[in-house]
Amino acid sequence: MPDRYAVIGHPVAHSRSPWIHAEFARQTGQDLTYEAILAPLDGFAQAVRAFRDAGGRGMNVTVPFKQEAFELSEVRSPRAQQAGAVNTLTFEHGRILGDNTDGAGFVRDVEENLNFALGGRRVLLMGAGGAARGLLFPLLARGVAHLTIANRTVSRAEELVGIARAAGYRDVAARGYAALSGERFDLVVNSTSVSLAGELPPLPPGLFASGALAYDLVYGQGMTPFLRWARTSGAGRIADGLGMLVEQAAESFWLWRGVRPATRPVIERLARELPPVD
Ligand code: ATR
């Protein structure tokens, strides 16, 4: 009997994770199955336990359950603690272990796939929700020179800055979008949900330092308004979140199986099927 894994979310039918993990399994010769499970909005914990009790070994967790997964986890990794959310569950000796591979996936995509070293960079993180929180410590731990968090609701950005400061990081600041005027960044990351609505936060011109990278966490949307804006506003390079999607999956796969799949061919195949970003 192959080991069973799944992604759980609501909605979940659009998820690329079953395809990605099937590719990883084929590539590494691992004997496993990976399915998609739609949980009712009020039935997450029940669906997780049912999968575990049926012999499931682990799950990826997607929108909107990452916080509930954090609460359900009996043991939380340091990465999960720092993100305040869980995207990877492992069932071991009857216990539910929670980890978060999103930040590691982002860092790996930026540094390995896009060949953009984060150390010493000036970084702008747009948004202060769950997605931004997941990137906060991974970015800081890579030794960025300065991190600015910009958000429509500035108090939420200030909260994240408070969390970073409490952990000893000093070079962090919170701003509203208008207050970014006159500042320049090497990396600008859009973690807001505006791309999904086809919108763009009110960004002032002149944000990009020479050769800067603009990164939108969403994927499969083609050119988002943010990436379109970045391309005509001085960004040297643009990228969407497809690479991060595959890298966070690879990190989960490694946690579960102890084998690291090759991500590049998987990213390339997915990119061929999805609308291009440039
Ligand atoms: P997620 O878990 O995906 O980060 P979230 O916690 O709901 O989702 O956060 C959504 C982010 O998108 C927030 O930073 C939000 O800004 P506010 O904190 O001010 O709400 C941002 N966002 C959503 N719609 C926006 C809009 N129309 N303009 C600017 N920012 C927006």
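How many nonpolar, polar and charged residues make up the shell around the ligand? The shell has 3 nonpolar, 7 polar and 3 charged residues, where Ala, Val, Leu, Ile, Met, Phe, Trp, Tyr, Cys and Pro count as nonpolar, Asp, Glu, Lys and Arg as charged, and the others, Gly among them, as polar. The model is predicted, with pLDDT of at least 70 needed for local features and 80 or more for side-chain atom pairs, while totals for chains, interfaces and linings use all residues. Residues are numbered from 1 along each chain as its sequence is written, and side-chain values use heavy atoms, with hydrogens and water left out.

Of the 13 residues around the ligand, those that come nearest are Ala131, Asn151, Arg152, Thr153 and Arg156; a residue is near a molecule if one of its heavy atoms lies within 4 Å of it. A side-chain N or O atom of threonine 153 is 2.5 Å from a ligand oxygen, and a polar backbone atom of alanine 131 is 2.9 Å from a ligand oxygen. For serine 193, a backbone N or O atom lies 3.2 Å from an oxygen atom of the ligand. On its own the ligand has 640 Å² of accessible area, of which the protein covers 69% (Shrake-Rupley method, 1.4 Å probe).

The ligand sits in the largest pocket. A pocket is an open set of points on a 1 Å grid over the protein atoms alone, where a 1.4 Å probe fits, with protein on both sides within 12 Å along at least five of seven lines; a molecule sits in it if more than half of its atoms lie within 2 Å of its grid points.

An open sheet of mixed pairing is formed by 6 strands in the order 2-1-3-5-6-4. Strands are DSSP runs (E, at least two residues), as are helices (H or I, at least four), numbered from the N terminus; two strands pair if DSSP finds at least two bridges between them. Strand 2 (32–38) and strand 4 (75–76) stand at the edges, each with a single partner strand, so one side of each has no neighbour in the sheet.

Strand 4 runs parallel to strand 6, joined by 2 bridges; valine 75 has leucine 97 as its bridge partner.

Two loops contain cis peptide bonds. The bond from histidine 10 to proline 11 has omega near 5°, and proline 11 is in the loop between strand 1 (3–9) and helix 1 (17–28). The bond joining valine 63 and proline 64 has omega of about 0°; proline 64 lies between strand 3 (56–61) and helix 3 (66–72).

Terms used: Polar contact = N/O pair within 3.5 Å; in protein donor to acceptor, adjacent residues only side chain to side chain. 1 Å grid on protein atoms, 1.4 Å probe; cavity = no way out; pocket = protein on both sides within 12 Å on 5 of 7 lines; lining within 4 Å.
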